[in-house]
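Here is a model to look through together, one question at a time. Have the viewer open and follow along as we go.

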Amino acid sequence: MGRSGILLSMALGGGVALFAAGCSEAEDGAAAHLDTVSQSVTLGDRLAQCAQDPRVVAGLVSQDVCAGAAVFFTETFDGNGRTCGSCHPVANNTTIDVPFITALNRSNPGDPLFVFNREPELADLETSDLLDDAAILENVDGFIDPAHRFVSRGVNHVLSLSTSIRADPGDGTTNPPAERTGWGGDGSSDGTLRGFLKDAVTQHFPRSLDREPGVDFRLPTPQEEDVTLAFQLSLGRQNELDLARVRLRDAEAEEGRLAFMDPDRGRCNVCHHNAGANFQDTGNNRNFNTGTRDLASPLNVGSFEDRNLQDGGFGGRDLAQPNFDSFNSGTPDAFGDGTFNPPPLIEAADTPPFFHNNLQINSRGAQDINDAVTFYASATFNNSPAAKELEQRFGSPLNLQPTDSVAISRFLRALNGAFNVDIAKQRLNAALTLVSRFSNTRADVQQKLMELARVEIDDAFEVMGDPDSPSALYPAALSQLALARTEINQGIAAASAAERLNRITNALARVTTARAEFGDGITFVLGQGNLMY
């Protein structure tokens, strides 16, 4: 994420924005002490505020999605001060990474995300991985001895969930999960995204590790679960692409598209159909064992009796003893079956680190999408159960060539850049609607949408590269985006609604011109949740 996005996340309280006029300062999410984080805003209050929100009045966002966003970004559930937005900040692609954590800790070490650093009773809520690697402690296998029986995982972004969470019964892991949540696909104890909220509150929000509801936090009400679900399902994309119809105007990215879909070259399209998260044969999310846990990870591990505890992925909840032998040592050292669920790839280039354990393949290189794709040329992957399934399907091992790996990475960067530009355009169009209809009334909402559009443009630059570099994607588009960013900056600073409208109109023209450079068939249907913060 670009520097402006990090700074905006800081301004929003590490991803926690004051939602609407009338919200109290206690909702900022930056409370420094456990005795100051109690919430007094009810869901009824939030719905009433949303009825007056210009985005709702203008028909851009539903009242439920608006209220769900308020719960997601501002509700602490009477816990330690954290909110869902603490780990899923809107201005950082709804995830956290090392640059974000480093900047937040430097600017606001009292942020609730770092409560474990100052509250002795919460010292074991996280490990050093949060500050060092932007990874969080998860008791995915139950809260038996939570300070030792844990895994450390990167934070999933929550974009495009409506396209990626339907469980595939073909992998034998759908009891109970009907919906895939978390890296193992079983992050919700009741198997639904709706139920994930109460599990997240229990895991991440407690005042003490006793985790007693009504004492250490309050559980979400059913109505809060409903509106938060509506908001989460409205984030990111609402549709899948059809890669057979996509054509990219960058020659190497187009070659990457062909390699991605070719069973002899990439085979990516089988498990990430249409660059999403679903299995080609069923259109549902299927768990796989790709061997990522076999490579050295920088993250801490838990312990069980006299052995280190590895991350076994799906299916270890509340087991009494480890049941999975990660390294074929003869002694089980993990809870689960070794499988994890694929994330969508359209958003991948913009949301490092990668894999459940923040794995980096080339320790001397950048932790970017190029590095992640090279994993699939490794012996570790080719010896994994997932690779053996592909070998059986196609009759030969995968032999991913370096040129194809680079081209596939460029293809994914192109898709992600188009996604960034489209969200920027969506937010600018919303700001244009609001200033046209309401003039300077709630100009703060217009300005925030413009700021978040600028964040997406900055992200597009990061994904697509330096426009002066010969390896940049779509340099003509980047030139137009730079001009759009200038218009946005001037629009945010505009003294009048008329000037703001003019600047938004100019920025939209630049963004539209830039988007036309990418190619054909890259059509995203975007959710209204992208307009919330």
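Q: Where is the place of P353?
A: Keep in mind that this is a predicted model. P353 sits in the loop between β6 (334–336) and α12 (369–374).

Q: What joins P352 and P353?
A: A cis peptide bond joins the two, with omega at about 0 degrees.

Q: Why is N93 called buried?
A: Buried means under 20% relative accessible area. N93 has 5%, so it counts as buried. You will find N93 in the loop between α5 (84–87) and α6 (98–107). N93 also has a positive phi of about 60 degrees, although it is not a glycine.

Q: Why does S439 count as partly exposed?
A: Partly exposed lies between the 20% limit for buried and the 50% limit for exposed. The relative accessibility of S439 is 37%, so S439 belongs in that middle class. Its loop runs between α15 and α16 (443–464). Phi of S439 is near 55 degrees, a positive value in a residue other than glycine.

Q: How many residues are in the largest nonpolar core, and which of them touch the most other members?
A: The core has 105 residues, and those touching the most other members are F260, L428, M464, L481 and I522. Helix α15 (residues 402–438) gives the most to this core, with 16 residues.

Q: What does L428 touch, leaving out residues up to four places away in sequence?
A: Contact means heavy atoms within 4.5 Å. By that cut-off, L428 touches M450, A453, I488, I504, A507, L508 and V511. Another core, of 15 residues, lies apart from the largest one, and its members include C87, I96, L125 and I136.

Q: How many of the contacts between residues at least 6 apart in sequence join residues at least 24 apart?
A: In the protein chain, 69% of them do. As for burial, 59% of the 533 residues count as buried.

Methods: Residues are numbered from 1 along each chain as its sequence is written. This is a predicted model: local features need pLDDT of at least 70, side-chain atom pairs count only at pLDDT 80 or more; totals for chains, interfaces and linings use all residues. Side-chain values use heavy atoms; hydrogens and water are left out. Buried means under 20% relative accessible area, exposed over 50%, partly exposed in between (1.4 Å probe, protein chains only). A nonpolar core is a set of buried Ala, Val, Leu, Ile, Met, Phe, Trp, Tyr and Cys residues joined through side-chain atoms within 4.5 Å. Helices (H or I, at least four residues) and strands (E, at least two) are DSSP runs, numbered from the N terminus.
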